[in-house]
Amino acid sequence: MIRALRNIRSLVRAARVMARHDALFELDLAKDNLPPIALALRPFAKLRFPWERRVAAEGDIADRLSAALSELGPSYIKLGQFLATRPDMIGPELAGDLGLLRDQIPPFDQAEAEAMIEEQLGAPVPELFETFSHPVAAASIAQVHKATVRNADGTVRDVAVKVLRPDVEARFRRDLDAFFWVAEKLERFFPETQRLRPVAGVQTLAASVELEMDLRLEAAAMSEMAENTKGDPGFRVPEVDWNRTARQVLTLEWIDATPAGDREALIEAGHDMKRLGNRVIQNFLLHATRDGFFHADMHQGNLFVAGDGTLIPVDFGIMGRLDERSRRFLAEILYGFVKRDYARVAEVHFEAGYVPGHKDVATFAQALRSIGEPIFGKDAQDVSMGKLLAQLFLVTEQFDMAMRPELLLLQKTMVVVEGVARFYDPEHNIWEASEPILADWMMRKLGPEARLQEAAGGMMALGRRFGELPDLLDRAERAIDQATDPKGIRLHPDSLTAIREAENKGGRMGRAALWLGALSLFGLLLTQIF
């Protein structure tokens, strides 16, 4: 009861802040479809006390949402960014507006930042850095300072120092509890929402936030991506200074390059904008399909372009992962749409287990055709692979396909990356840029050589299992001997009598049955491999 009252108060406060910024348009538009609890709380959300002033409703929906969520604090900014990945929950239009949220809030005090650094790194700031600036950027979870450090050879290099906000963890814990409470009530009282898995969605948000709260994990993500991409042309990850990195402080290489959002500066520097657009898309797809590990917040503000056109991402707090099955699913459906092979795209959904087996494959392929065919008559600049995936996820609702958070995060990231590519080249053709990456992945993973490697791996696994058979048989025989020995396992006298009678009737038959079981196991392994 106390938890419920606490969370209701928190949510009413959030709704009131949204109302003051004229950002409660969804409550007004959807009032006929709101759950009873939301209808009951709606008047309190719209109520304004005499001492409260209404904030002037300036800008578009995204501007008003940004202002309201920034006032509510970091948890709500992250919630908004997360909901931008769930058009199935909130609708594509609102998801698009939330995708424009800007995570920019005022910095915290310089003295607090320096105290945090000294506590985390165990030394005064002047001993750790030659110079240390005031904040150069601030967001909901951390802020960034520019500093210099002296190398062992006496030279000096620039670094960026990211410092976690002092009170951010406590605020997230409090607000996440309210989010969980709402999700639990939705699943309990509105069964139709269970397919959308709101509790699992909040768990995904909580897990993401937990990773962002430990800057050592962000450093580890940078290190992992640097290792994955060390041979990739046109892409580089900043180097981490592990000696000046702790749970709440991250020090990394300062990037002296052109911000990816400064299009005019890039053109003046002589960069090929069409090539840059292709590079953004191809690197993202390469990381997602080859590595199963991708930067999930790759907008212009988190990208720099070096003089030779190399892309350098920053802010690795939000990363996406795809397991082997999801990577194969992604590559096959995208390649299937490129080749207009809707039957194969449908089969992939069923093979992956995303669509229940009792649904009709041909009907599902027909639904996929309704998504894919309209895009082929459009100009390249009007076609979006990310939006295609969003439509796919919405259509699958009628086929009882459960939403997978990792694929939704990838879809949201793809929309962002496409936006960057078209920022450079308004006529960017997403299909032409992506086809070489997808075709190469298909050949490496599904071609004849890949099949042979898969079969060889299976035979090795079979050999290991078959080598264990003698030991398995020996242990089984000892277990039978122990079971029939009165000094071993205590059995009821009637059970012992039955065992002896069976043994007297055919000890050889027991051994034959044991070997028959072993051969059956061998056959089962063969069917799993081939």
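In what order do the three strands of the open sheet lie? In this predicted model, the order is 5-7-8, and the pairing is antiparallel. Strands 5 and 8 are the edge strands; each has a single partner strand, so one side of each has no neighbour in the sheet. Strand 7 is joined to strand 8 by three bridges, and leucine 303 lies opposite proline 313 of strand 8.

The strands and helices discussed here span the following residues.

| Element | Residues |
|---|---|
| Strand 5 | 258-259 |
| Strand 7 | 303-305 |
| Strand 8 | 311-313 |
| Helix 11 | 198-212 |
| Helix 12 | 215-228 |
| Helix 14 | 273-291 |
| Helix 16 | 342-351 |

The largest nonpolar core has 103 residues, among which Leu410 and Tyr424 touch the most other members. Helix 14 supplies the largest share of this core, eight residues. A second, separate core has 17 residues, including Ala113, Met116, Val149 and Val161. Beyond its neighbours within four places in sequence, tyrosine 424 is in contact with Ala260, Arg263, Leu266, Met273, Leu276, Gly277, Val280 and Val305.

Aspartate 214 sits in the loop between helix 11 and helix 12. Its relative accessible area is 12%, so aspartate 214 counts as buried. The side chain of aspartate 214 forms a polar contact with the side chain of arginine 216, at 2.9 Å.

In helix 16, the buried residues are Tyr342, Val345, Ala346, Val348, His349 and Phe350. Glycine 353 follows this helix and has a positive phi, near 80°.

Notes. Residues numbered from 1 in each chain as written. Predicted model: local features only at pLDDT ≥ 70, side-chain atom pairs only at ≥ 80, totals over all residues. Heavy atoms only, no water. Pairing = 2+ DSSP bridges. Helix = DSSP H or I, 4+ residues; strand = E, 2+ residues; numbered from the N terminus. Buried < 20%, exposed > 50% of the residue type's maximum accessible area, 1.4 Å probe, protein only. Polar contact = N/O pair within 3.5 Å; in protein donor to acceptor, adjacent residues only side chain to side chain. Core = buried A, V, L, I, M, F, W, Y, C linked by side-chain atoms within 4.5 Å. Contact = heavy atoms within 4.5 Å.
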